[in-house]
Amino acid sequence: VSDDALVVEDDARAALRPEAVDVLDAATAALEPIPAETFSTAATQEALSAALVEGMGIKPKFAFTPLRVAVSGRRVSPPLFESGFLVNVGIASYLP
């Protein structure tokens with residue numbers, strides 16, 4: 001999906017906090033080292049939780065909202081880690 005084709009709902013955009021770009025940068029950095037052959041829902045959740053919740057000290061609700069918006073364009077979406085696994089691309093590339 002190109003940046004132009006992704007629709008981000010207004011309530012999702014409004015839910016983004018000022019640190020959203022930092023969260024997406026940290027998420028991308030956390031996911032990039034995972035080899036394709038071991039990329040899984042569990043590996044995704046572990047890497048993102050370590051980088052965002054533990055590493056940045058952000059509550060999960062606020063840590064994962066930018067990711068949810070980047071992956072789905074919505075504030076509420078199917079399970080985040082499964083969605084991210086299915087997308088299996090750089091999450092930051094989805095934020096307009």
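**Helix geometry, burial and core packing in the predicted model**

The expected span is defined as 1.5 Å times one less than the number of residues in the helix. Helices (H or I, at least four residues) and strands (E, at least two) are DSSP runs, numbered from the N terminus. The structure is a predicted model, in which local features require pLDDT of at least 70 and side-chain atom pairs count only at pLDDT 80 or more, whereas totals for chains, interfaces and linings use all residues. Residues are numbered from 1 along each chain as its sequence is written, and side-chain values use heavy atoms, with hydrogens and water left out.

The protein chain comprises 5 helices and 0 strands, arranged along the sequence in the pattern α-α-α-α-α. Of its 96 residues, 36% are buried; buried denotes a relative accessible area under 20%, exposed one over 50%, and partly exposed a value in between (1.4 Å probe, protein chains only). A contact requires heavy atoms within 4.5 Å. Among contacts between residues at least 6 apart in sequence, 63% join residues at least 24 apart.

Helix α3 bends by about 30° at S49, the bend being the angle between axes fitted to the seven residues ending at a given residue and the seven starting there. S49 is itself one of the buried residues of α3, together with A43, T44, A47, L48 and L52. The helix is followed by G57, which has a positive phi near 70°.

Helix α2 (residues 20-31) has 12 residues and reaches 16 Å from its first C-alpha to its last, close to the expected 16 Å. Its buried residues are A20, V23, L24, A27, T28, A30 and L31. These residues cover an arc of only 160° around the axis, and therefore lie on the same side of α2; the arc is that of the directions from the helix axis to the C-beta atoms. They pack against α3 (41-55) and α4. Within α2, A30 counts as buried because its relative accessibility is 17%. A30 touches A47 and A51, residues up to four places away in sequence not being counted.

The largest nonpolar core contains 17 residues, of which L31, I34, L48, L52, F64 and L67 touch the most other members. Helices α2, α3 and α4 each supply at least two residues of this core, and the largest share, 5 residues, comes from α2. Such a core is a set of buried Ala, Val, Leu, Ile, Met, Phe, Trp, Tyr and Cys residues joined through side-chain atoms within 4.5 Å.

In helix α4 (residues 60-72), T65 is buried, with a relative accessible area of 16%. A polar atom of the T65 side chain lies 2.6 Å from the backbone oxygen of K61. Beyond residues up to four places away in sequence, T65 touches A15 and L16. A14, located in helix α1 (residues 10-15), counts as exposed because its relative accessibility is 66%. The C-alpha atoms of A14 and R75, 61 residues apart along the chain, are separated by 9.2 Å.

Key. Polar contact = N/O pair within 3.5 Å; in protein donor to acceptor, adjacent residues only side chain to side chain.
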